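Reader: I am new to protein structures and would like to learn how to read one. Could you walk me through it?

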Amino acid sequence: MKEKDYFLDDRPKKLSYSEVWEKFFNWARAQSLWVIAYGTGCGSIEIPPMVTSRFDAERFGVSTVGTPRQADVLIISGYLAVKTLKRVIRVYEQMQSPKYVVGLGACTVNGGMYYDSYNTVNLVDLYIPIDVYVAGCMPRPEAILAGFAQLMKKIKEGRADGWKQYIDNLDKYRKNQEKIIKNWKIPNYNW
Amino acid sequence: MWYKILYAFLVTVGGLAYGLLLGGISRKITARIHGRRGPTVFQNFIDLIKLLRKKTAISHGTMFFLAPMFRLLGGVGVLLLVPIVYGSSILSNFSFGGDLIVVLYFMVFGCLGMALGAADSGHPHSALAPTRGLAQMAGYELPFLISVIGLAIAHKTVSISGLVAAQQGGIFHWNLFQYPFLSIAGLIAMLGMYMAYPFSVVMAPQEIPVGPPTEYSSTFLSFMFSGRSIFGVGKYVLFMDLFLGGATNLVEAFVKTFALFLIIVFVTNVFPRYRTEQAVKFFWTYPVVIGLIDFIRIFIK
């Protein structure tokens with residue numbers, strides 16, 4: 001079988017729904033956030049306490065899944081190396097819309113303590129759209145839960161539209177990504 | 001007969017709601033055992049609504065699209081063929097003379113569809129899971145068939161309604177007490193069917209992240225999810241009819257299916273997991289030997 005049979009190479013499309021239904025579905029989306037179990041940096045050590053007995057994120061409907069196809073939330077947990085950025089882009093594009101990104105720790109905002117490193121991405125928002133930042137180095141699980149509460153509020157109000165921005169400004173994001181990833185071998189078809 | 005179609009629709013929707021609620025209760029009980037608060041019992045409804053409205057843009061071939069339909073069809077087929085309330089013209093569903101054999105076929109149908117779809121999705125994890133799932137199916141089918149065929153021979157009928165009719169007349173007429181060893185074999189096979197914890201290697205969240213539905217998202221997953229819930233309820237009703245004497249009204253059906261559900265939940269929360277070959281070995285030894293005791297007793301009688 002040809003490789004072509006396995007992918008769509010048209011650009012991602014935005015969907016339009018009626019306002020009333022969208023409010024109801026936004027409520028459901030906010031109550032059921034499935035987080036992809038993928039840690040990009042040191043912050044991912046804070047995720048296991050968040051989902052296990054002590055802090056129990058499942059009471060808010062937050063649970064983890066092992067595949068990007070079913071996930072709603074991608075957590076950029078801490079510093080993001082250029083090498084990891086490639087993987088993050090692939091994971092993000094394989095997730096199905098609507099999808100949200102949470103930036104964890106100071107590193108996702110301005111590079112944190114690695115701001116002058118040769119391979120750390122300083123402002124993640126230039127490469128993939130981030131909906132909620134959780135500041136701290138590292139933020140405790142309580143802070144992450146507070147971040148999730150903020151994300152839920154944004155989703156319910158219909159303001160968590162990072163995925164729409166990504167579709168609208170795909171060329172801009174691609175240009176930024178290609179600028180920093182020198183050896184660009186990511187396929188363009190993993191929506 | 002148009003009203004039959006209407007009631008079939010209502011039974012399917014009711015079965016889905018009951019299945020989702022049972023899933024929610026199971027999650028809540030697991031959480032309480034962990035010492036957590038846990039999600040609300042309606043969490044599965046919310047998950048389903050969310051999945052229905054997620055966008056999907058994945059193409060993996062024809063079988064990939066058909067597999068969730070197979071899964072749903074297998075579930076609805078089982079639920080609509082087993083009589084929920086004995087003696088009721090409506091809630092006996094589409095029960096007929098040889099329905100036991102058709103139900104046995106439908107129970108395999110969903111799993112096969114799942115396996116075909118998972119193989120078509122091209123993901124290594126989802127191709128690995130059906131091999132485990134089908135191996136485990138080969139394991140639990142043997143004690144299950146010994147149990148079901150034993151009951152059919154004992155009562156000289158292949159109709160589920162006939163089996164229920166044979167168990168009427170008090171608690172000690174139930175197959176659970178008439179043929180205790182066949183019942184034990186059947187109930188152990190039930191644990192395997194529900195992929196309850198000692199036999200949960202098919203999904204195995206820590207090893208092969210999601211199992212068969214790795215590549216499935218959004219609407220596909222919601223179909224699979226609802227198919228699984230309906231299938232679950234259908235099997236509870238089947239086991240109630242086979243071993244617990246069926247039900248003569250809806251409250252009795254509810255109590256008995258809930259009791260079967262509690263067996264699954266409490267077993268699943270206390271056991272670690274068997275590997276595939278250990279599970280198959282277990283199924284082919286203990287429940288088979290236990291079931292054969294009654295099987296031979298039926299033949300000698």
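**Reading helices, strands and contacts**

Author: Let us start with a pair of helices: helix 1 of chain A and helix 2 of chain B cross in a left-handed way. Please keep in mind that this is a predicted model.

Reader: At roughly what angle do the axes of helix 1 of chain A and helix 2 of chain B cross?

Author: Here is the general idea. Two packed helices are described by the angle between their axes and by the distance between those axes. In this case, the axes of helix 1 of chain A and helix 2 (residues 43–52) of chain B cross at roughly 120° and come within 8 Å. Helix 1 of chain A is therefore oblique to helix 2 of chain B.

Reader: Which residues meet there, in helix 1 of chain A and helix 2 of chain B?

Author: From helix 1 of chain A come A:Phe25, A:Ala28, A:Arg29 and A:Gln31, and they meet B:Ile46, B:Ile49 and B:Lys50 of helix 2 of chain B.

Reader: How many residues of chain A are in contact with chain B?

Author: There are 22 residues of chain A in contact with 29 residues of chain B. Helix 1 (residues 19–31) of chain A gives the largest share of chain A's side, with four residues. That side of chain A divides into eight nonpolar, nine polar and five charged residues.

Reader: How do helix 1 and helix 5 of chain A lie to each other, roughly parallel or roughly antiparallel?

Author: Look at the angle again. The axes of helix 1 of chain A and helix 5 (residues 141–156) of chain A cross at roughly 165° and come within 8 Å. An angle over 145 degrees counts as roughly antiparallel, so helix 1 of chain A and helix 5 of chain A are roughly antiparallel to each other. Their crossing is right-handed. A:Asn26, A:Trp27, A:Arg29 and A:Ala30 of helix 1 of chain A make this contact with A:Met152, A:Ile155 and A:Lys156 of helix 5 of chain A.

Reader: Now the strands, please. How many strands does chain A have?

Author: Chain A has five strands, along with seven helices. From the N terminus, its elements follow the order α-β-α-β-β-α-β-α-β-α-α-α. To read strands, ask which ones pair and in what sense. Strand 1 (residues 33–36) of chain A pairs with strand 2 of chain A in the parallel sense, over four bridges. In that pair, A:Ile36 is opposite A:Val65 of strand 2 of chain A. Strand 3 (residues 73–77) of chain A runs parallel to strand 4 of chain A, and five bridges join them. Here A:Ser77 is opposite A:Leu104 of strand 4 of chain A.

Reader: Which faces of strand 2 and strand 4 of chain A are covered?

Author: Strand 2 (residues 62–65) of chain A has a covered face with A:Val62 and A:Thr64, and an uncovered face with A:Ser63 and A:Val65. Strand 4 of chain A is covered on both faces: A:Tyr100, A:Val102 and A:Leu104 are buried on one side, and A:Val101 and A:Gly103 on the other. Five of the five residues of strand 4 (residues 100–104) of chain A are buried, so this strand is largely enclosed by the rest of the structure.

Reader: What share of the residues of chain A count as buried?

Author: The share is 38% of the 191 residues of chain A.

Reader: And where does B:Gln168 sit?

Author: B:Gln168 lies in the loop between helix 6 (160–166) and helix 7 (175–178) of chain B. With 13 other C-beta atoms within 10 Å, B:Gln168 is partly exposed.

Definitions and conventions: Residues are numbered from 1 along each chain as its sequence is written. Chains are lettered from A and ligands numbered from 1 in the order in which they are written. This is a predicted model: local features need pLDDT of at least 70, side-chain atom pairs count only at pLDDT 80 or more; totals for chains, interfaces and linings use all residues. Two residues are in contact if their C-beta atoms, placed from the backbone, lie within 7 Å. Helices (H or I, at least four residues) and strands (E, at least two) are DSSP runs, numbered from the N terminus. Ala, Val, Leu, Ile, Met, Phe, Trp, Tyr, Cys and Pro count as nonpolar, Asp, Glu, Lys and Arg as charged, and the others, Gly among them, as polar. A residue is buried if 20 or more other C-beta atoms lie within 10 Å of its own, exposed if 12 or fewer, and partly exposed in between; C-beta atoms are placed from the backbone. Two strands pair if DSSP finds at least two bridges between them. Axes are lines fitted to C-alpha atoms, for helices over the stretch in contact, and angles run from 0 to 180 degrees between N-to-C directions. Angles under 35 degrees count as roughly parallel, over 145 as roughly antiparallel, 65 to 115 as roughly perpendicular and the rest as oblique. A crossing is left-handed if the near helix is turned anticlockwise from the far one by less than a right angle, and right-handed if clockwise.
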